[in-house]
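Hello,

Here is the structure I promised to pass on. Please open it first, and then read my notes below.

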Amino acid sequence: MSEPKKLFIKTYGCQMNVYDSERMAEALGGQGYVETKSADDADMILLNTCHIREKAAEKVYSELGRFKGLKAEKPELKIGVAGCVAQAEGEEIMRRQPLVDLVVGPQSYHRLPEMEAKTRAGEKALDTDFPEEDKFEKLKNRPKAKRGPTAFLTVQEGCDKFCAFCVVPYTRGAEVSRPADRIIREAQDLVERGVREITLLGQNVNAYHGAGPNGDMTLAGLIWELNKVDGLERIRFTTSHPNDMDDALIEAHGTCEKLMPYLHLPVQSGSDKILKRMNRSHTAESYLRLIERIREARPDILMSGDFIVGFPEETDEDFQATLDLVEEVKYGYAYSFKYSTRPGTPAAERPQVDAEVADERLQRLQALITRHQRVIQDSMVGKTVVVLFEKSGRQPGQMVGKSEYLHAVHVSDADVARGDLRKVRIKSSGANSLGGDVI
Ligand code: SAH
Ligand code: SF4
Ligand code: F3S
């Protein structure tokens, strides 16, 4: 048998890219590739890219530049660009960086095996179609190898919301949901391979409307089906849009035992004027009322969110409204970004906020978020949480896992193994994690 070829994949961007990278590695596995952790000994390098902000896209080109030496040493090395930059820039990537052999968009990667063969024949391969066929149907069933206790599972892709700042509707296309039976089967497969927690993924995961046995199923319906999967202990989902949080999903947070008390629900801004200009089609008030209802259903739920500061025409008052909203919600986690102009999106044409002003706002918002995050994390001390252990920690004898609320928790010298779910009494709260004892 010939030596397996080595594949190095580097993943940028969101969890959906993490999932896609796994599937691309599996697709190329059929071509005799095994994954390697270093670009240096690879026969093929794939960058799975993100286009969400300017910096993310630029990183791709600087990374590609660094492979020049490798390619000079090893001319048979193939270099590919996948993901959202591939979708957005297509052929332009090969023009700007001629060492690239292959460009594949996020909807076409089931065609990677043929594309790889084409590059081996000395040709360039480009595919950024939004094909009719379902790529998940075309991909082989996942191999049976054992894996870690947590996994992502993409259930929905694409976005029809067209927020004025965002490239995702252009790079990922229109909303598409996978049929429920395929998802359930994939979940059962993952569980057989050792997975105990599944995070359902979608750009707008709660807009899920996949075919079920009795017509279309909503995300709540899918979660209830997954709740029945033996051996699956935890269900999470991300990212959801406020306008797609229906009553059944809110209720599931109160009643579905496997659904974890954590919800990432981006709002982007606390100013109605800015929300309108962002084309978010919800107000700050409607978002706050929604959280109230979610907290009625599940009082201990930990909220998480995304914010953009310095969106075109954001004034000090608008920014203050964002701070006020954060103060009211008190997020356990929140991610904030400085607005980044994305070519082709409506907001790119509008009067931009001064970069220094945006920097200063970002710092203030992040300081407030960090303060709340810390108070919430510290408030876990003295409580008992359930931890799914994932790996050994940095200290000898230490094991690390995640609580229901997604806090990292470490324990020392306890008799726990990877994949165990154990009750832990929290006794300390550090910079990035909680410490406790297994009880
Ligand atoms: N589908 C998800 C995630 C979108 S991308 C959602 O609707 O929330 C993740 C986050 O990146 C967004 O929530 C937003 O906060 C941020 N983001 C998107 N476009 C951006 C831009 N042009 N500049 C800065 N941040 C952006
Ligand atoms: Fe982008 Fe808005 Fe769609 Fe989220 S909902 S992916 S922010 S357009
Ligand atoms: Fe980035 Fe594409 Fe995800 S732009 S955030 S990798 S959907």
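To begin with the layout: 36 Å separate the centres of domain 1 and domain 3, taken over C-alpha atoms. In the domain assignment, domain 1 covers 5-127, domain 2 covers 135-378 and domain 3 covers 384-438. Please keep in mind that this is a predicted model.

Next, the ligands. Around ligand 1 there are 14 residues, and the closest are F165, Q203, Q268, D306 and S340. Two of these come with a polar contact: a polar side-chain atom of Q268 is 2.7 Å from an oxygen atom of ligand 1, and a polar side-chain atom of D306 also lies 2.7 Å from an oxygen atom of ligand 1. R53 takes part too, with an N or O atom of its side chain 3.2 Å from an oxygen atom of ligand 1.

Ligand 3 has C14, N17, T49, C50, H51, I52, C84, R172 and Q203 around it. That shell is made up of 4 nonpolar, 4 polar and 1 charged residues.

Finally, have a look at helix α10, residues 219-227. Its buried residues are L219, A220, L222, I223, L226 and N227. They lie on the same side of α10, because the arc they cover around the axis is only 160 degrees. What do the buried residues of α10 pack against? Their partners are α9 (180-192), β10 (197-201), β13 (234-238) and α11 (247-255).

Enjoy exploring!

Methods. Residues are numbered from 1 along each chain as its sequence is written. Chains are lettered from A and ligands numbered from 1 in the order in which they are written. This is a predicted model: local features need pLDDT of at least 70, side-chain atom pairs count only at pLDDT 80 or more; totals for chains, interfaces and linings use all residues. Side-chain values use heavy atoms; hydrogens and water are left out. A residue is near a molecule or strand if one of its heavy atoms lies within 4 Å of it. Ala, Val, Leu, Ile, Met, Phe, Trp, Tyr, Cys and Pro count as nonpolar, Asp, Glu, Lys and Arg as charged, and the others, Gly among them, as polar. Domain bounds come from an automatic or database domain assignment. Buried means under 20% relative accessible area, exposed over 50%, partly exposed in between (1.4 Å probe, protein chains only). Helices (H or I, at least four residues) and strands (E, at least two) are DSSP runs, numbered from the N terminus. The arc is that of the directions from the helix axis to the C-beta atoms. Contact means heavy atoms within 4.5 Å. A polar contact is a pair of N or O atoms within 3.5 Å; within protein, one must be able to donate a hydrogen and the other to accept it, and residues adjacent in sequence count only if both atoms are side-chain atoms.
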